[in-house]
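Biologist: Could you show me how to read the features of a structure, one at a time? I'd like the general idea before each case.

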Amino acid sequence: MSTTTTTDTAFADDILAGLTAKRKHLSSKYFYDDEGSHIFQQIMNMPEYYPTNCEFEILSQQSEKILSRLNFSQKFNIVEFGSGDGFKTKQLLKAFLNKAADFTYIPIDISQEANDILQANILKVLPNIDMQPKTGDYFDVLNELSATKAPNLFLFLGGNLGNYKADEAHALLEKFAKGMKKGDKMVLGLDLKKNPRIIQKAYDDPHGITKAFNMNLLKRMNNELKMDIALDQFDFYCHYNPENGEVNSYLTSLKLQYVYSEVLDTTFTFEKDEMIWTELSKKYSLNEITDLAESLNFKVVENFLDCRHYFTDSLWE
Ligand code: AVJ
């Protein structure tokens, strides 16, 4: 995920709406300013945070198998939504090139800077790749591409879909589907249900890095909305519920407190122990994935799992 993609007013409006709601909430999409993206890198380096390593393993070891299931007989596009630094995608691209696959790699990001960094990273190891990064909105680029007749492989990796509530996830995939033509395929990275302790530890980490990731949003509000939130008066809490596969994360107020925002010209009240919901990270079963795909008129071609069966790169058609 890239750095701040929304205008300041959208940020201000969303925070205002979230903090005036009966059950307060803040959107995890606002975690990723420069500092937040840096903290997320640290999360991905924690031993407890397994998804990154799992997906790296899958793409390192099974990309040839993924390629063989595509059945594309002509030059195709690999279109990636939210590619980050390309660390994992590089494994797939490398394997595809080794098999002499003929494709154009089209990573889409709203941030020009993210695209520049990604391009430099990829070209360093794969200098001969045909790469055409697009800067802009996912769906604008999708519209552009739907005019071309080359087959497309869409990549939505990293388990990012898990941050969307069920109806939002459905709506997002529906929009992807609208930009796809017959024969196009998509690889979705999805985190799987597993021993609840493993999931709990990946989010409630002993290093306090995930806490810092959440608290950074308060820092961001202090800076951008001219607030004076006392960071030590908030704590972080998260909980994995194995019955519905949801990790829900919160910032909790340690006392009754009032915080003023100059930008919003509003004073917010936080009760002692009041929770501000910050993030959903949904974990799926393979059956749920099949149902989700079918509800959108997709077919699951194959699930590519890591050796521990913690994560899937699910190939849909
Ligand atoms: C980037 C959305 C996949 O939900 O696992 C990591 C973000 N939040 N630790 C996830 C995250 C807390 C991450 N995704």
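Biologist: Is strand β2 enclosed or open?
Modeller: Count neighbours: a residue is buried if 20 or more other C-beta atoms, placed from the backbone, lie within 10 Å of its own, exposed if 12 or fewer, and partly exposed in between. Six of the seven residues of β2 (residues 103-109) are buried, so the strand is largely enclosed by the rest of the structure. Across the protein, buried residues make up 37% of the 317 residues. Do keep in mind that this is a predicted model, where local features need pLDDT of at least 70, side-chain atom pairs count only at pLDDT 80 or more, and totals for chains, interfaces and linings use all residues. Numbering runs from 1 along each chain as its sequence is written.

Biologist: Which strand does β2 join, and in which sense, parallel or antiparallel?
Modeller: Strands of a sheet pair through backbone hydrogen bonds, in either sense. We call two strands paired if DSSP finds at least two bridges between them. Here six bridges join β1 (residues 76-81) to β2, and the two run parallel. As one example, Phe81 has Ile108 in β2 as its bridge partner.

Biologist: What is the strand order of the open sheet?
Modeller: Its seven strands follow the order β3-β2-β1-β4-β5-β12-β11, with mixed pairing. The edges are β3 (134-135) and β11 (300-305), each pairing on one side only. For the antiparallel sense, look at β5 (residues 185-191) and β12 (residues 311-316), which share six bridges. There, Met186 stands opposite Trp316 of β12.

Biologist: How many helices and strands does the protein have?
Modeller: Helices (H or I, at least four residues) and strands (E, at least two) are DSSP runs, numbered from the N terminus. The protein has 11 helices and 12 strands. Its radius of gyration, taken over C-alpha atoms, is 20 Å. The globule rule (2.2 Å times the number of residues to the power 0.38) gives 20 Å for 317 residues, so the protein is as compact as a globular protein of that length. The C-alpha trace spans about 65 × 40 × 35 Å along its principal axes.

Biologist: Which residues surround the ligand?
Modeller: We list residues whose C-beta atom, placed from the backbone, lies within 6 Å of the molecule. Among them are Ile43, Pro51, Asn160, Tyr203, Phe213 and Glu279. Two elements, α10 (209-224) and β10 (275-282), each give two or more residues to this shell.
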